Amino acid sequence: RQQLERLDWLAANLLELSKLDSGLVMLQLREEDLRTVAEDAVDHAEPVAERKGVELRTHLPDGPVVQAHDPPRLGQVLGNLIGNAIKFTPPGGHVEVTVAATDDGASFTVVDDGVGIDPSELEHVFDRFYRGNRRREERAGGSGLGLAIARSIVDMHHGRISIASTPDVGTEVLVTLPRDVAASSPADPHA
């Protein structure tokens, strides 16, 4: 039963990635507060973090960070990044989620003090099915599709996603979004 559930989950992720890459998914852009996306993703991940003994911290600006985005899709990105951070952080560790307004848009940052990623692997982390070296594979399973899906969604927002990491110190993932997503978004028929 577990194997069937895993295969179903894998098939759903492959279908999702295929739709994203082929342009079959259209963004539903809304001018809303990005803090809400972060709060929802953290609330959803909190039970998993508590069970594992990882502290989730959120840093949000006092005022709203309003700009056009697809809330469920960005929630999917943040949920994946937070989930990965929790998965690769040992009990007693920390995961910090930050939202900030920038001069040309906004950013999300997810930082952990987990196992980190070897520098030789950083260029592959967004590749489909890439799961890292054997040591990390043994610590946590996965399909290797989550970061590929996250990158596709960020690309659809004409944003950028980057990872900096040091083995045995931790990882920082930065997502930056341009202020004027709607002007150049693939979801805009006038683009």
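S107 is buried in this predicted model, with a relative accessible area of 9%. That puts S107 in the buried class because the cut-off is under 20% relative accessible area. S107 sits in strand 5, which covers residues 105–112. Once its neighbours within four places in sequence are set aside, S107 touches T98, V99, A100 and T102, along with L174, V175 and T176. Three of those names, L174, V175 and T176, fall in strand 7, which runs over 170–178.

A38 is another buried residue, at 0% relative accessibility. You'll find A38 in helix 2, residues 34–52. What does A38 touch, leaving aside its neighbours within four places in sequence? The partners are L60, L78, V97, V99 and F108. V99 turns up here as a contact of A38, and V99 is also on the contact list of S107. As for H59, it lies 21 residues from A38 in sequence, while the two C-alpha atoms are 9.5 Å apart in space.

Now for two loop residues with positive phi. H158 has a phi near 60 degrees, a positive value in a residue other than glycine, and D168 likewise has a positive one, near 65 degrees, again without being a glycine. H158 belongs to the loop between helix 5 and strand 6, the strand at 160–166. D168 is in the loop between strand 6 and strand 7. Are these two buried or exposed? H158 comes out as partly exposed, with a relative accessible area of 38%, whereas D168 is exposed at 57%.

| Residue | Element | Relative accessible area |
|---|---|---|
| A38 | helix 2 | 0% |
| S107 | strand 5 | 9% |
| H158 | loop between helix 5 and strand 6 | 38% |
| D168 | loop between strand 6 and strand 7 | 57% |

On to a helix pair. Two packed helices are described by the angle between their axes and the distance between the axes. For helix 3 (residues 71–87) and helix 5 (residues 146–156), the axes come within 9 Å and cross at roughly 145 degrees. The crossing of helix 3 past helix 5 is left-handed. Which residues meet there? Helix 3 brings R73, L74, Q76, V77, N80, L81 and N84, and helix 5 brings G146, L147, I149, A150, I153 and V154. Sorted by type, the residues of this contact are eight nonpolar, four polar and one charged.

Stepping back to the whole protein, there are six helices and seven strands. Along the sequence they follow the pattern α-β-α-β-β-α-β-β-α-α-β-β-α. Of the 191 residues, 42% are buried. Take the contacts between residues at least 6 apart in sequence: 72% of them join residues at least 24 apart. The protein exposes about 10,200 Å², and 52% of that is supplied by carbon and sulfur atoms.

Finally, a word on confidence. The pLDDT averages 82, and 73% of the residues score at least 70. Over residues 134–139 the pLDDT is below 50, and beyond near neighbours in sequence this stretch has 11 contacts in the model. Residues 185–191 also have a pLDDT below 50, with 14 contacts beyond near neighbours in sequence. Where pLDDT is low, the predicted coordinates should not be read in detail.

Terms used
Residues numbered from 1 in each chain as written. Predicted model: local features only at pLDDT ≥ 70, side-chain atom pairs only at ≥ 80, totals over all residues. Heavy atoms only, no water. Axes fitted to C-alpha atoms, helices over the stretch in contact; angles between N-to-C directions. Helix = DSSP H or I, 4+ residues; strand = E, 2+ residues; numbered from the N terminus. Left-handed = near helix turned anticlockwise from the far one by under 90°. Contact = heavy atoms within 4.5 Å. Nonpolar A, V, L, I, M, F, W, Y, C, P; charged D, E, K, R; others polar. Buried < 20%, exposed > 50% of the residue type's maximum accessible area, 1.4 Å probe, protein only. Areas by Shrake-Rupley, 256 points an atom, 1.4 Å probe, with all protein chains shown as cover. pLDDT = per-residue confidence, 0-100.
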